[in-house]
Amino acid sequence: MASGVTTTPERVSSFEASVWDAFFIQYEPGPLPISEECMRVKEAKLKEDVQILFKTFNNTPLEKMTFVDTLERLGIDHLFEEHINTAINEIHQSEFNSCSLYEVALCFRLLREHGVWVFPDVFNKFKAGDGSFNKDITDEPRALLFLYNAAYLSIHGESELDEAISFARHHLESTRDNLEYPLSEQVKRNLEIPYPRTLKRIDAPYYIAEYGQEQTCNPSVLELAKLNFNLLQCVHQRELKDFCRWGNDLYEEVELSYSRNRIVECYFWSYTVHYEQQYGHARIILAKVFVLTSMLDDTFDMHATLEEAEKLTEAIQRWDESAVFLLPEYLRKFYVRLMNTFVEIEHELKPDHKYRVAYCRKAIQTLCRSYQQESEWFHNSYIPSFEDHLKCSLISSAIAMLSVVLLVGMGDEATKEAFEWAIGCTDAVMAGSVVARLVNDMTSFKCGKNKKDVASSVDSYINQYHVTGEVAFAVLDNMVEDAWKTTNQTRFDRREMLPLVERVARMTKSMVFTYHHKKDRYTFGRLNKDRVKQQFVDPIPL
């Protein structure tokens, strides 16, 4: 049952300062061994060389699978999308049959990741009569790792894959200390976050270092990966410099001193969804909306009175600059800047893409109403039922809104049908909202902060079912796993939109990364400082 809270609500007045301040505005990268222009020429030549490699396969699916997997792990698959799609179709049509667990698991994972259905019974050949896995495969740690990762592509009802995860994890954990580099590091990382839930761009620097130690390393492929990472880093450095200027100007103009200054973190978050060079426009739009949403969230959570929250909600529902006079003085500059930012975004879009802003507006208005509901709960010291909490807080996680926004700056592949899908908040979008909300709330609960405002979903579950935090966590963890299975299912159900489904999946993966180990790497930017530096400051030695 929903109930009241006897304690008086308290607000927290300030967050930690930004760990970056003006670093990226002032940062001037050191000289690279060769100029950026020379790197681009060399990259183009190496890209041609690698394209030729696609034609040299001896019609063996294993060669194709291994090559595609390597390109994806190195973070250069975006350079060869057509070649990879052709290779995946050829692998699917080849009726691949192997007695190697490593090969079967690799094939299973690649095909499912690319939206091609594969039955889980392909693993039956590695099981005994009682359905348990043969003991002899426990002597193959690499094969076990590939089985472990493949099984994370499961959908609802595939208990045999859940069993495969438990089996593989148990044996990998028992042997991890006896493995040699680089397999030891790959096992360590994937036991932390399974490969299908990894942000491959964030993982790429590790695999680039490891690939050079593998017997099958192709020097041209490795050099291309290093060049491409560094060239994209140059693009992101220039972009981040301009974006930080925009963000600093925004904070100075709106003067919301209670709000988190996380300009770099917002860009990083957007970058995990759109890191490719051709998606620069989409990346910046998404990053800007991240910043504005963070301000909006902090206003409702940390500062506004209930009356002020109601006025802000009303103004955003009107979505007109004349509604600024509804607001208290301290929110007026923010509201005008919010309106103007979307006017600017609309001006930047092609004429036949301008309709996209209306979807953004609708998504933000819906988000704001969820913030308002949470504000009412907080100010009335009220704990809603778990079901009522989720109806609201899945929307306030902002994933549904951001799934719309991430499409805005993309090309023609982001169709009107795609916007209808995103704003409908079904399948992968809803699943991402579940993951985001629950991992966020479990992180806050563990830290004893509970978002410093409304009761979290963990609180609602404990209050309604009279259980311990440990029991509630177990239930919510299972809900997160179910959500991932929904995301996996969406790859098959909406294969025609697979590239867009993958963008939403990246958003979901970014939530797992941000709140991994129940730590908030957004609010506490110092926890993610090394990873930001790895991506935007440190080039990979050539």
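Cys-360 counts as buried, at 3% relative accessibility, where buried means under 20% relative accessible area, exposed over 50% and partly exposed in between, with a 1.4 Å probe and protein chains only. The model is predicted, so that local features need pLDDT of at least 70 and side-chain atom pairs count only at pLDDT 80 or more, whereas totals for chains, interfaces and linings use all residues. Residues are numbered from 1 along each chain as its sequence is written, and side-chain values use heavy atoms, with hydrogens and water left out.

The structure holds zero disulfides, a disulfide being a pair of cysteine sulfur atoms within 2.5 Å. Cys-360 is in no disulfide, and the nearest cysteine sulfur, that of Cys-425, is 15 Å away.

Helix α13 comprises 13 residues, 306–318, and reaches 19 Å from its first C-alpha to its last, close to the 18 Å expected at 1.5 Å a residue; the expected span is 1.5 Å times one less than the number of residues. Helices (H or I, at least four residues) and strands (E, at least two) are DSSP runs, numbered from the N terminus. The buried residues of α13 are Glu-308, Ala-309, Leu-312, Thr-313, Ala-315 and Ile-316. They lie on the same side of α13 because they cover an arc of only 165° around the axis, the arc being that of the directions from the helix axis to the C-beta atoms.

Five cavities of 30 Å³ or more were found in a search of the whole structure. A cavity is a set of points, on a 1 Å grid over the protein atoms alone, where a 1.4 Å probe fits but cannot get out, and its lining residues have an atom within 4 Å of a point. Grid points are joined across faces, edges and corners, and a volume is the space filled by probe spheres set on the points.

The largest cavity holds about 510 Å³ of space. Its lining consists of 32 residues, of which Arg-260, Asp-297, Asn-440, Tyr-515 and Tyr-522 lie nearest the centre. Helix α12 provides the largest share of this lining, seven residues. By class, the lining has 15 nonpolar, eight polar and nine charged residues; Ala, Val, Leu, Ile, Met, Phe, Trp, Tyr, Cys and Pro count as nonpolar, Asp, Glu, Lys and Arg as charged, and the others, Gly among them, as polar.

The second largest cavity has a volume of about 80 Å³. Among the residues that line this cavity are Glu-265, Trp-269, Arg-521 and Tyr-522. Helix α11 gives the most to its lining, with four residues.

How values were computed
1 Å grid on protein atoms, 1.4 Å probe; cavity = no way out; pocket = protein on both sides within 12 Å on 5 of 7 lines; lining within 4 Å.
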